[in-house]
Amino acid sequence: METTLDLSTLNLAVVLPELTLIVFAILVMAADVFATPKNPAPRQWTPWIALAGVVAAAIVNLSVSGREVTLFQGAAILDKFAVGLNYIILLATGLGILLSVKYIPRINKQVGEYYALTLLTATGMMMMGAALDLITLFLALEIFSLALYILSGLNRTSPRSTEAAIKYFLLGAFSSAFFAYGGALIYAGTGTTQYYGIAQVTAAGLANTPLLYAGIALLVAGFGFKVSLVPFHSWTPDVYQGAPTPVTAFMSVGTKAAAFAAFFRVMLVALPFSYGAWSMPLALLAVITMAVGNFAALQQRSLKRMLAYSSIAHAGYILTALAGGAAEGADAALFYLFTYAFMNIGAFAVVMALEEMGAEDAMQDRAKGLGKTHPIMAFLMAIFMFGLSGMPPLAGFYGKVLLFEAAVAGGMIWLAIAAVAFTAVGAVYYLRVIANMYFADPVDESADEVNRSLPLDVGLAIAVAGTILVGVFPGFWMNAFQQSMALFGG
Amino acid sequence: MVSQTWYLALAAFVFSCGLYAALTRRNAIAVLIGIELMLNAVNINLVTFWRYGSMAPMEQLSGQVFSLFVIAIAGAEAAVGLALIISVYRTRHTVNLDELDMLKG
């Protein structure tokens, strides 16, 4: 048996954006080492080094876009889809870092580790979109998950933060065991772990169907956990509530984007010939996810938990596009996640400004009367809430239109109708926040402080600008995400 | 020569033991051990399918490589998990999952 390693196939350009982030993560750790009690300056540079890394990776991403290459004998791919996902992840990372600058030093002095872990998380998330092999996929999934477990427990003195971390870890590790089992069964059923190979074998009708279908079911359960589909969602509200708010903001968008990107690629590239087996189960999952997410969000007193259930509902909306099975679904999901990054991180940024020291959370009551006491904050929150509810002309509207169009294109008209109905339910709890801000009196005058800082203001400005501009001029962005995925044989 | 069925039966047994432990135990460390058992069952499966699977020639090492990665990840998971268990013990003085109930609503 002879195995040769052809170096020309190790096309490192494919992972250049990820490599850039890793280099900057090392720089962050190196800077952190030079900080001493007498000279803490290098530690204070770490957020800016991390932010420079995000900008550098975005520039590298721009320079590698437009090429379609695979590497490591087909283990990963750089196509328009992977590049698009990279932008979304980098946007979420950048906004997350801006939110963290003033917040993290309050809860944990080891800020260098925080920014290094954030960059490494982003690296794993970006690899999720590039993976073209089940092994790469599993590895990328674990890279970002392990880092996120630590990030959500970053506030080591807080019982809530550590509880969130241990819950997230145990359920996450549990689901990744299912994920690995699913990968093993698909390997057993088709004899390969590469997406194109799996598609080839299933297209030729050579696959061992029982093993393959069992593998698909376990894989869907693993993805369902990561994107928080019902009934795999029970961790979401707890972790979103307990984790430090900048981490929640970053991971609510980053995890969802990365896991959905990989989900779409596995289903549409590796398993399109088993569409008949997975479309209806995914459609049903989407319906119960939208139902549970929206109705549970109605009853939440905590703003962070409300946003957590709303994120579950949004996972349901995105899943409708995948259940449709059309290639446009992937483009619609990317566009939607891009708008979601602005709206959701913006909403969490406002919650972060409202929360009290040590509480790591803000209640619905806290928003009451905000329109009078802090008109700017209230206005921003109103924009994000309108955006998340899908109100035109803000960014969320066109994203939802594209998603439901993709469901219709796949012949699931009933699913699109259900999704629109649940969107109407969702509007109730978003609008209730706005009503509280403008039509209710402040509950507690003493809790009037709002924690603002320059980096947070910059982050809020970017988020609100994105929510409005992408909504008013959607054409450019829709084109950027069009026909993004390199399909099998296409 | 041991047949493929025995290996798969062993893997299924180990996976079930792990699943049972992860679902029924209330001690965080016991749950972690259960999860590690599940991952090891995956490894047995992967190597068995590589050795006996009829779908691909044995020269293709995907099954072995996959199982190596799973071993490495299981190690990393144990390290992170135990660290988190220690940090939760320091704030709450318990690792019983039923007593970790501050977050709900």
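A salt bridge here is a side-chain nitrogen of Lys or Arg within 4 Å of a carboxyl oxygen of Asp or Glu. This is a predicted model, where local features need pLDDT of at least 70 and side-chain atom pairs pLDDT 80 or more, while totals for chains, interfaces and linings use all residues. Residues count from 1 along each chain as its sequence is written, chains are lettered from A in the order written, and side-chain values use heavy atoms, leaving out hydrogens and water.

**View 1. The salt bridge between chains A and B.** B:Arg92 and A:Glu163 join their side chains in a salt bridge, 2.9 Å from N to O. The count between the two chains is one.

**View 2. Where chain A touches chain B.** Helix 5 (134-152), helix 6 (159-190) and helix 9 (235-242) of chain A each give two or more residues to this side; helices are DSSP runs of H or I, at least four residues, numbered from the N terminus. Helix 6 gives the most, with 24 residues. By type, this side of chain A splits into 27 nonpolar, twelve polar and seven charged residues, with Ala, Val, Leu, Ile, Met, Phe, Trp, Tyr, Cys and Pro taken as nonpolar, Asp, Glu, Lys and Arg as charged, and the others, Gly among them, as polar.

**View 3. The whole A–B interface.** Here 46 residues of chain A meet 44 of chain B, contact being heavy atoms within 4.5 Å. About 3,900 Å² is buried, 79% of it from carbon and sulfur atoms; that is accessible area (1.4 Å probe) lost on putting the two parts together, summed over both.
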